[in-house]
Each structure stands twice: as structure tokens, then as C-alpha cells.
Amino acid sequence: MQEWLKEILDHARSWQAAGIHWLPPSDAPPWKRRHDAEAEKPTTDSSSANRSASVSAAATTHQHWFEPSPSPTVPMSLEERRIALQTLDEQQVKTCTRCTELVRNRTQTVFGVGNLEAELCIVGEAPGADEDAQGEPFVGAAGQLLNRILEACQLKRSDVYICNVLKCRPPGNRPPLPDEVAHCRPFLERQLDVIQPKFICCLGAAAAQTILNTNLAIGKLRKKFHTYRGIAVICTYHPAYLLRNPNAKRDVWEDMKMLMAKMGRPVS
Ligand code: SF4
């Protein structure tokens, strides 16, 4: 499928997941006609301050953040990214109640952490018990293993941006349900649109299948590069799987070496 058509379909699925099932016939899309004067500022405004305000305003209402995100060809400053993500987290994610069962069981939402200008985004599945308690992704045993994998790649945790497909912990750490992924996917897409990484590493099937919009098993998706909105994507096993299946560490290391080579920082 053509890349541009896939992007349009991805956006349409995001709107559908958010409950937007139709777009009124108009020159201006609904988010343009509903928001306040601040967000009406032209996106071509070259003033950094005005762009920051526009980014902030664009994330303050339900309609706004579904606005097609800044094009990767329009770089955002660090401050613009910080404002956009903080607003998304505080005004959309923390208050989200789309997944009834998850909302009932969560301690808090778990948004994302790391370098807002990272070249590499790590995407996992969902918070576990430790993450739910601390409000940060990958802080439990699987997170410790991820830190060691990054160290082997000569990367620090603070060099990358880390997030999950789901922002709320599934009870008993069960896999995310399809409707939960559909509900939460727009938040992940928006995070990636703001960070604008050059590379994405999907840890586990849930992340890989969500990013690549496929049902293929993780074993069929690893060992090669894919593309998500022009970003190079590699898929490998989740660290939690490695804790149960240490023999798969070798496979993950092969995938990470491929990724590091593509990023121009080969490791052996
Ligand atoms: S998992 Fe995502 S979509 Fe579901 S309630 Fe939590 S934040 Fe909302």
C-alpha cells in the first residue's frame, strides 16, 4: 500500500478510536472550527513563542490533539515538545477513562520518559505493577534488563525516549485487549509525532503489531527493518519475555546490533 494512503488510514483509525466517526462537509475540519483564537494562529508562524502557544493550545482540547500532528519536516524545539507532551499527558492521558477495566484497577497512568529529542524511541506493551506504582515505564525487573541492553549498546536510558502502547496497567499483567489498544493508540501516535524519532524499537508483539498495524507474530517481524511514517522500525522480544526465556537474549542482541549499525553506532 502507498505510504501516504497508509498514513491517511492510520489517522482515520485514530479518529474512529476517539469516537470521531464523521467529518462535517466544510473547508475547515472540525478541530479548526471549534477551537479558540490562540489555536487559530497560522502554523506557518515562524515565531517560536507563538508556535509554543499554538502547540500548547492544540493539545488542550479533545479535538485539538487529533489535528494532524506537526510534520516531521517541521522540527519542534525542545520547549515545544515539552509543552506538547506535558499537556497531552496532563489534560488527555491522566484524565482518560476509555478503558473501564483498566481505569478501575490503575494506580495512575504511565505516560513516557526520556530524551524529548531522542533519535530512538523504545515502545513497550503496557505498565506492570512497578510501573503502575511509580508512574514511569520500564522500572521493574524488565526495565532493569532494558537498561542493561541499552548499556550494551553504549546508550543511557536518558539518551532514548521510552513509552508503552497502553498507558494503564492491565490487571494481572494480562496482554492488552484489541479495544484497549485502539483506545490508547492515538496517544502513542501523538507522542511519536512530537518526539519525531529517526528510529523506533518495538519491544514485544503488542508494540510491534500496533506500530506496524499487523497481526504477524513477533518472530516474523524481527531481524529486519520496517517503516512507520518514514521512521525506521525494528522489532524484538520484550525484556519480560527474556526474563522467562533467557535463551532469546541472543536474538535480541542480534536485533539491537542491526539497529545500532543502522543508527551509525555499531557495537559488537
Ligand atoms: S489505557 Fe489508554 S485509552 Fe485506556 S484508559 Fe488508559 S490512557 Fe485511556
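Predicted model: local features only at pLDDT ≥ 70, side-chain atom pairs only at ≥ 80, totals over all residues.

Which residues come nearest to the ligand? They are Cys96, Cys99, Cys168, His183 and Cys184, out of 14 residues around the ligand. By type, that shell splits into 9 nonpolar residues, 2 polar and 3 charged. Two helices, α5 (100–105) and α8 (178–195), each put at least two residues into the shell. The one that gives the most is α8, with 4 residues.

Let me stay on α8 for a moment. This helix has 18 residues, and from its first C-alpha to its last it reaches 25 Å. Where is the kink in α8? It lies at Cys184, shortly before the proline Pro186, and amounts to about 40°. Cys184 is also one of the residues that come nearest to the ligand. Buried or exposed, as a helix? Of the 18 residues of α8, 14 are buried, so the helix is largely enclosed by the rest of the structure. Just after α8 comes Gln196, with a positive phi of about 50°.

Thr95 has 9 other C-beta atoms within 10 Å, and it counts as exposed because the cut-off for exposed is 12 or fewer. Along the chain, Thr95 and Thr109 are 14 residues apart, and their C-alpha atoms are separated by 8.8 Å.

Now the strands. The protein chain has 12 helices and 6 strands. I will take β3 (residues 161–164) as the reference. Tyr161 and Cys163 point one way from β3, Ile162 and Asn164 point the other way, and all are buried. On one pairing, strand β1 (residues 112–114) runs antiparallel to β3, joined by 3 bridges. There, Val113 has Ile162 as its bridge partner. On another pairing, strand β2 (residues 120–124) runs parallel to β3, with 4 bridges. Here Ile122 is the residue that stands opposite Ile162.

What does β2 pair with besides that? It is joined to β4 (199–203) by 4 bridges, and these two run parallel. Ile122 turns up again, with Cys201 as its bridge partner in β4. From β4 you go on to β6 (231–236), through 5 bridges, again parallel. In that pairing, Cys202 has Cys235 as its bridge partner. As for cover, 4 of the 5 residues of β4 are buried, so β4 is largely enclosed by the rest of the structure.

Next, helix α9 (residues 205–212). It is mostly covered, with 7 of its 8 residues buried. The buried ones are Ala205, Ala206, Ala207, Ala208, Gln209, Thr210 and Ile211. What covers them? The cover includes the strands β2, β4, β5 (225–228) and β6, together with the helices α8 and α10 (218–221).

A word on backbone angles. Most residues other than glycine have a negative phi. Asn213, which follows α9, has a positive phi near 55°. Its place is in the loop between α9 and α10. With 13 C-beta neighbours inside 10 Å, Asn213 counts as partly exposed. Gln154 also has a positive phi, about 60°, and is not a glycine.

Gln154 belongs to the loop between α7 (141–152) and β3. It is exposed, with 11 other C-beta atoms within 10 Å. Lys156 lies in the loop between α7 and β3 as well. Lys156 is exposed too, with 12 other C-beta atoms within 10 Å. Between Lys156 and Gly114 there are 42 residues in sequence, but from C-alpha to C-alpha they are 9.8 Å apart.

To finish, two figures for the chain. Of its 268 residues, 38% count as buried. Taking contacts between residues at least 6 apart in sequence, 71% join residues at least 24 apart. That is what I have; questions are welcome.

Key: Residues numbered from 1 in each chain as written. Buried ≥ 20, exposed ≤ 12 C-beta atoms within 10 Å, placed from the backbone. Pairing = 2+ DSSP bridges. Near = placed C-beta within 6 Å. Nonpolar A, V, L, I, M, F, W, Y, C, P; charged D, E, K, R; others polar. Contact = placed C-beta atoms within 7 Å. Expected span 1.5 Å × (residues − 1). Bend = angle between axes of the 7 residues up to and from the residue.
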